[in-house]
Amino acid sequence: MKIKGICPASCGELLQGYIKDGEKLISYPIDMYSVVTLKECKNPIRDPNKKKAIKAMYKTLDFFGESDQIGDELSVDVDSNIPIEKGMASSTADLASTIIATAAYLGKEITDEALAKICTQIEPTDSTIFQQLTLFDHLNGVKVKSFDWNPHLDIWVLESRGQVNTQTFRKNNYESLRIKNKENVEKAYKVFEESYVKKDFHLLGKAANISAMTNQNILYKDKLEEIMDMALKMNCYGVNVAHSGTVLGILFQKDKVDIEKFANEMEKKSIFEIYYKDYFTKMVKGGPKILFK
């Protein structure tokens, strides 16, 4: 028996930080994926680089009251095109794909709430595990509010050379800075809520800009303000960042932006010397799903 689960990546977060009583985020899914295949196997060879996915499989078995012995005879193969340690939810995609595949193997369905709880028992988790844009307590696995809106925007991803390990990053104490940033993050969230009500991409970009600039005192992004200024002049909607990663995402619509002209401007300002890798993707619907049984 073989089962495949799939879950999208994110390009950072539209916003992240303290909102009301604690830290929350809104990630957005893009069309890059992790595919996890579970297959019955007497003596599975385990990839040491995919310990989180294997842990997710066992935790899912435990959640449904099943024996670990079932997992001992399942191979866990992860096939992902998501860059690691860039803030693109590569681990979240691995975990969610594994969890839904394990549940399907058992003939079970898993709720969003259970999925979130299992993921966050392993590490802080992006809200790309949900089908809709979601305000999410990514530390405690609590879905705060969902938004029935899937903006099909194009994303220009700018990737710098650095890497950030989420679990290592979370060990740093940024509590005082997060509290300092709280007012601006809550402002970004209010703008996001308004963008949702009006289905306004300009307001969506504004919310992302506010949160991105606010996060500069926690994880600095070179030339962020310059890139934002250029993006707005070129008729893009805004720039979001990975708040605990290294990528930027420029939010735009292809038929409304002269990308060649924009790229030439960024070349003049030496942006590509810092963001050595760039590529285009788009927002998609979030959440893991089964490919086939």
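Biologist: Buried means under 20% relative accessible area. With that in hand, which residues of α8 are buried?

Modeller: Happy to start there. Keep in mind that this is a predicted model. In α8, the buried residues are Leu224, Ile227, Met228, Met230 and Ala231. Seen down the axis of α8, those buried residues fall within an arc of 165°, so they line one face of the helix.

Biologist: Why would residues a few places apart point the same way?

Modeller: An α-helix has 3.6 residues a turn, so residues three or four places apart point the same way.

Biologist: And what sits on the face of α8 turned away from the buried side?

Modeller: That face carries Glu225 and Lys233, which are exposed. On the buried side, the residues of α8 pack against β6 (154-159), α7, β7, β8, α9 and α10 (271-274).

Biologist: You mentioned α7. Is that helix mostly covered or mostly open?

Modeller: Mostly covered: 10 of the 14 residues in α7 are buried. Among them are Leu203, Leu204, Ile210 and Thr214. The buried residues of α7 pack against β1 (2-19), α6 (175-198), α8 (224-233), β7 (238-241) and β8.

Biologist: What span should α7 have?

Modeller: Helix α7 covers residues 201-214, and at 1.5 Å a residue it should span 20 Å. Its end C-alpha atoms are 20 Å apart, which agrees.

Biologist: What caps the N-terminal end of α7?

Modeller: Aspartate 200 does, with a side-chain oxygen 2.8 Å from the backbone nitrogen of histidine 202.

Biologist: Switching to rings: how many aromatic pairs are there?

Modeller: The structure holds 12 aromatic pairs.

Biologist: Which residues do ring pairs link into a cluster?

Modeller: Phe147, Trp149, Tyr189, Phe192, Tyr196, Phe201 and Tyr237 are linked that way. Beside that, lysine 199 lies over the face of tyrosine 196, at 4.1 Å from the ring centre.

Biologist: Which residues is glutamine 253 in contact with?

Modeller: Leaving aside neighbours within four places in sequence, glutamine 253 is in contact with Leu153, Asp154, Phe201 and Tyr237. Glutamine 253 sits in the loop between β8 (247-252) and α9 (259-268), and with a relative accessible area of 18% it is buried.

Biologist: Back to α6. What does the side chain of glutamate 194 join up with?

Modeller: Glutamate 194, in helix α6, has a polar contact of 2.7 Å with lysine 198, side chain to side chain. Glutamate 194 is partly exposed, at a relative accessible area of 34%.

Biologist: Last one: where is valine 35?

Modeller: Valine 35 is in strand β2, residues 22-40, and it counts as buried at 16% relative accessibility. Setting aside neighbours within four places in sequence, its contacts include Lys4, Ile6, Val78 and Leu291. Leucine 177 is 142 residues from valine 35 in sequence, and their C-alpha atoms are 36 Å apart in space.

Conventions
Residues are numbered from 1 along each chain as its sequence is written. This is a predicted model: local features need pLDDT of at least 70, side-chain atom pairs count only at pLDDT 80 or more; totals for chains, interfaces and linings use all residues. Side-chain values use heavy atoms; hydrogens and water are left out. Helices (H or I, at least four residues) and strands (E, at least two) are DSSP runs, numbered from the N terminus. Buried means under 20% relative accessible area, exposed over 50%, partly exposed in between (1.4 Å probe, protein chains only). Contact means heavy atoms within 4.5 Å. The expected span of a helix is 1.5 Å times one less than its number of residues. A polar contact is a pair of N or O atoms within 3.5 Å; within protein, one must be able to donate a hydrogen and the other to accept it, and residues adjacent in sequence count only if both atoms are side-chain atoms. Rings of Phe, Tyr and Trp (its six-membered ring) pair if their centres lie within 6.5 Å; planes under 30 degrees apart count as stacked, over 60 as edge-to-face and the rest as tilted. A charge sits over a ring if NZ of Lys or CZ of Arg is within 6 Å of the ring centre and within 35 degrees of the ring normal. The arc is that of the directions from the helix axis to the C-beta atoms.
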